[in-house]
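Subject: Handover of a structure, with findings

Dear colleague,

Please find below the structure that I am handing over to you. My findings follow it, grouped by topic.

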Amino acid sequence: MSAETPVCQLLERQDADYRGWLWVAPPRDGWLEGGEGRLLAADQALLDAWRSRGRPAGSPFEAEVPPPPGVVLFWPKAHAQGEWWLLWLCAHLPVGTPLQVVGEHQGGIKRVLKVLAALGLGCRKVDSARRCTLFASRLDRVGLDPEAAWTSFEAEGLQLASHPGVFGHGKLDAGTRLLLSRLPDVLPETGQVLDMGCGDGILATWLARRGLATTAVDVNGFAVEATRRSLAANALDGEVRAGDVFAGLEGRRFDAIVSNPPFHQERAVDYGPAGRLIREAPEHLVPGGRLVLVANAFLPYPDLLARAFGGFEILADDRRFRVYSART
């Protein structure tokens, strides 16, 4: 199978032996998934895809990674998250491990030269094509701790963990604030509640503080870790798990599902996860259970809600955001 994405097409044409290498935060690409090497990623959907093929795959928040013969880091959209990956690799893998960094020009790959120089890592350009560039370096101890990327902030009387690339990084977004203003009117006093797409954990911690049995899910491993830290910082209990929408929740039903669902995948608009959330929510709600979500007013969720639930109501609308509610 040939490479499908520009960054992988650039790698495919290299005269390099990538057998056993560690692929860090790559895109979905059949050439990678059907080839050689091991995956390291924080995207649960990507991890599931590799594991379904019997390929070795792990998260930076799981067990230690076996030393590889080399590493390819796919530079992410979030520049600070790319820096975190570099620090993590330098802290956890042997000094001198060959490192390649690849990315798209519009994704900021050219800034990697300055990042590597600031860390004291040598760098050379290997190749450039398909509006992508590939750099080469070697890992070294750089004297910086990746843990320093974790910060905290206060919102709604709660201490929240924050990490680059996690939705709501360092602040409470306006949509979530609007959602929180209406939740007291519609949530049950007790019961099981699911926070779908938990981000930094603001909804999960708010729900747990209210005394509800809270489960929080996100496909992003950084968000899962942030939510765990947010609950712990507020001495609250809750179940936090990595999952692609309802994957892993088969057979479970909740009294309410709350969400501020994403609609972007990197730079592209993607209604897929939110669409699955709405379509499959009735299967995961008890009779009379309620889905409450906030979304940008322009997003086409009314039709999805009407088809899935037979109807819905708008709890709030400030022209920019709307809070929807639908019941089984």
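I begin with Asp244, which counts as partly exposed because its relative accessibility is 21%. Please note that the model is a predicted one.

Salt bridges

Asp244 forms a salt bridge with Arg276, and their closest N and O atoms are 3.3 Å apart. Asp244 sits in the loop between strand S12 (239-242) and strand S13 (254-259), whereas Arg276 belongs to helix H9 (residues 272-280), so the bridge ties together parts that are 32 residues apart in sequence. Arg276 is likewise partly exposed, at a relative accessible area of 26%.

In total, the structure holds 15 salt bridges. Another of them joins the side chains of Glu33 and Arg53, at 4.0 Å from N to O. This pair links distant parts of the chain: Glu33 is in helix H2 (residues 30-33), and Arg53, 20 residues apart from it, is in the loop between helix H3 (44-52) and strand S3 (57-58).

Arg210 counts as partly exposed at 28% relative accessibility, and Glu189 as exposed at 62%.

Helix H8 (residues 221-233) has 13 residues. From its first C-alpha to its last it reaches 18 Å, close to the 18 Å expected at 1.5 Å a residue. At the start of H8, a side-chain oxygen of Asn220 comes to within 2.8 Å of the backbone nitrogen of Phe222. After the helix comes Ala235, which has a positive phi, near 55 degrees.

Which residues of H8 are buried? They are Gly221, Phe222, Ala223, Val224, Glu225, Ala226, Thr227, Ser230 and Leu231. These buried residues pack against helix H4 (79-92), strand S9 (158-162), H7, S11 and S12.

In H9, the helix that holds Arg276, the residues Ala274, Gly275, Leu277 and Ile278 are buried. They lie on the same side of H9, because the arc they cover around the axis is only 160 degrees. In general, an α-helix has 3.6 residues a turn, so residues three or four places apart point the same way. The cover over the buried residues of H9 includes S10, S13, strand S16 (285-296) and helix H10 (301-309).

Ser137 is part of strand S7 (residues 132-138) and is buried, at 11% relative accessibility. Its side chain reaches the backbone oxygen of Gly122 at 2.4 Å. Leaving aside residues up to four places away in sequence, Ser137 touches Thr97, Pro98, Leu99, Leu116, Leu121, Gly122 and Cys123.

His92 lies in helix H4 and is partly exposed, with a relative accessible area of 30%. The side chain of His92 reaches the backbone oxygen of Trp88 at 2.9 Å. The C-alpha atoms of His92 and Glu64 are separated by 7.9 Å, although these residues are 28 residues apart along the chain.

Cysteines

How many disulfides are there? The count comes to zero when a pair of sulfur atoms must lie within 2.5 Å. Cys132 is accordingly in no disulfide, the nearest cysteine sulfur being that of Cys8. Cys8 is buried, with a relative accessible area of 0%, and Cys132 is also buried, at 0%.

Yours sincerely

Methods
Residues are numbered from 1 along each chain as its sequence is written. This is a predicted model: local features need pLDDT of at least 70, side-chain atom pairs count only at pLDDT 80 or more; totals for chains, interfaces and linings use all residues. Side-chain values use heavy atoms; hydrogens and water are left out. Helices (H or I, at least four residues) and strands (E, at least two) are DSSP runs, numbered from the N terminus. Buried means under 20% relative accessible area, exposed over 50%, partly exposed in between (1.4 Å probe, protein chains only). A polar contact is a pair of N or O atoms within 3.5 Å; within protein, one must be able to donate a hydrogen and the other to accept it, and residues adjacent in sequence count only if both atoms are side-chain atoms. Contact means heavy atoms within 4.5 Å. The arc is that of the directions from the helix axis to the C-beta atoms. The expected span of a helix is 1.5 Å times one less than its number of residues.
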